[in-house]
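Subject: Structure handover

Hello,

Here is the structure I said I would pass on. Please look through it first; my notes on what was found follow below.

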Amino acid sequence: MRLRFVAAGPVVALILLSGCSAVRTPEPACRPLEVAEFPLLGGIRGTWMDDERFVLADLHQSRLLVYSTSEGLVRIVNGWESDDLELNFVSPMDIQPWGDGFVLADSFRDAERLFELDAALRPVRLLWEGDARRTEEGWVGEKIVNLGELVALDDRLYLRAERFSNLHEANRGYAEFGLHRRSDTLERALGERRAWPGFAGERDSPGMPFSHLAASGRRSASVYALRYSPAVFIQELAGEVRSLNAFPELPTPLPTLPQASQDRMAEFYAALEASSYPAGLYGDEDSLYVLMRDATGGEPGWDLHRIDPQRDEVIGRVRLPTKAAHVSLLPGRRYWVLEESSSGLDRSFRPPIRFLLLSSAALRAGEVPSCD
């Protein structure tokens with residue numbers, strides 16, 4: 001018996017072609033992001049603008065860098081682009097969503113400022129300015145200094161910063177900022193509402209956590225901080241204002257590190273890169289994540305421990321696909337950005353060497369394969 005192949009008619013051919021075009025290659029759970037330029041300093045701070053684009057603060061080069069998950073670096077916003085000189089920024093430390101745009105923390109010497117940016121990342125007004133200044137006797141000023149991180153929650157801001165306890169010494173602290181109506185005008189001004197002073201020695205906490213603040217929760221959003229007193233724990237700043245009992249087991253006791261002074265940086269990084277420590281706190285949906293550096297093996301390992309803050313329990317762990325000397329993360333709805341930095345023994349700035357895009361769904365499921 002002969003088999004006869006009949007040519008498909010136009011309609012059948014169109015159906016077949018449509019079916020083929022609908023079949024897509026599954027997106028990898030981990031892939032490198034090809035970029036032409038990185039921030040100068042290792043460790044990333046920024047936010048997602050949408051599911052495709054994220055913006056990072058490049059504090060040592062007075063600019064913001066906008067990346068696309070498909071095109072790499074797509075835009076550079078220089079701090080001196082504004083026609084209004086008072087709205088130019090020098091050292092952007094962090095940027096977060098705020099209203100219909102963003103809020104930017106700028107911290108340079110004795111100039112501490114918070115700017116409001118529009119959706120296109122253009123500065124539109126100065127929200128707050130610090131009062132610290134240097135005198136012959138030392139530093140004076142009641143407001144916080146050395147702005148480091150921001151987390152925005154509704155109309156409130158949570159900041160990691162420092163405050164002078166005397167003329168020469170600044171101590172770590174956390175603060176909540178909110179809008180209040182000025183007595184002499186109808187405008188609402190941004191100012192400090194509450195503060196959480198640092199514990200003794202917390203400014204020189206073991207290791208180098210790059211992210212100490214994280215927001216979590218879709219149903220009951222709150223903000224949490226990575227604290228040391230001297231043991232490491234997570235403290236809720238918004239919501240119930242409590243300390244969590246849950247924290248992942250440390251691979252080793254927290255290290256005792258030499259002072260990170262200019263003439264002892266090689267000694268400091270040698271000790272740091274031989275150590276295990278919590279390297280950051282992050283939030284995604286209703287979970288918190290502690291990034292843990294594990295130096296107990298031949299190469300550094302990086303574990304992401306998942307915490308349910310409502311149940312106050314550690315509920316999972318995933319080993320990240322990297323052996324880099326230093327790592328930081330930027331959580332997002334569709335992707336997390338994993339930034340790998342070089343060793344501080346090579347260059348003290350630890351410049352970034354690669355960005356990886358991790359599937360957020362895979363991270364939540366605890367299933368992230370190698371990128372290589």
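Cys-371 has a relative accessible area of 13%, so this residue is buried (buried is under 20% relative accessible area, exposed is over 50%, and partly exposed is in between, with a 1.4 Å probe and protein chains only). Cys-30 also counts as buried, at 7% relative accessibility.

This is a predicted model, in which local features need pLDDT of at least 70 and side-chain atom pairs count only at pLDDT 80 or more, while totals for chains, interfaces and linings use all residues. Residues are numbered from 1 along each chain as its sequence is written, and side-chain values use heavy atoms, with hydrogens and water left out.

The two cysteines form a disulfide, with the sulfur atoms of Cys-30 and Cys-371 1.3 Å apart (a disulfide is a pair of cysteine sulfur atoms within 2.5 Å). The count is one disulfide. This pair links distant parts of the chain, 341 residues apart: Cys-30 lies in strand β1 (residues 30-33), and Cys-371 in the segment after α3 (360-365). Helices (H or I, at least four residues) and strands (E, at least two) are DSSP runs, numbered from the N terminus. The torsion about the S-S bond of Cys-30 and Cys-371 is about -75°, so the disulfide is left-handed.

Strand β1 also belongs to an open sheet of four strands, in the order β1-β25-β24-β23, with antiparallel pairing (two strands pair if DSSP finds at least two bridges between them). β1 and β23 (326-330) are at the edges with a single partner strand each, so one side of each has no neighbour in the sheet. The partner of β1 is β25 (residues 352-359), paired in the antiparallel sense over four bridges. Leu-33 has Phe-355 in β25 as its bridge partner.

Regards
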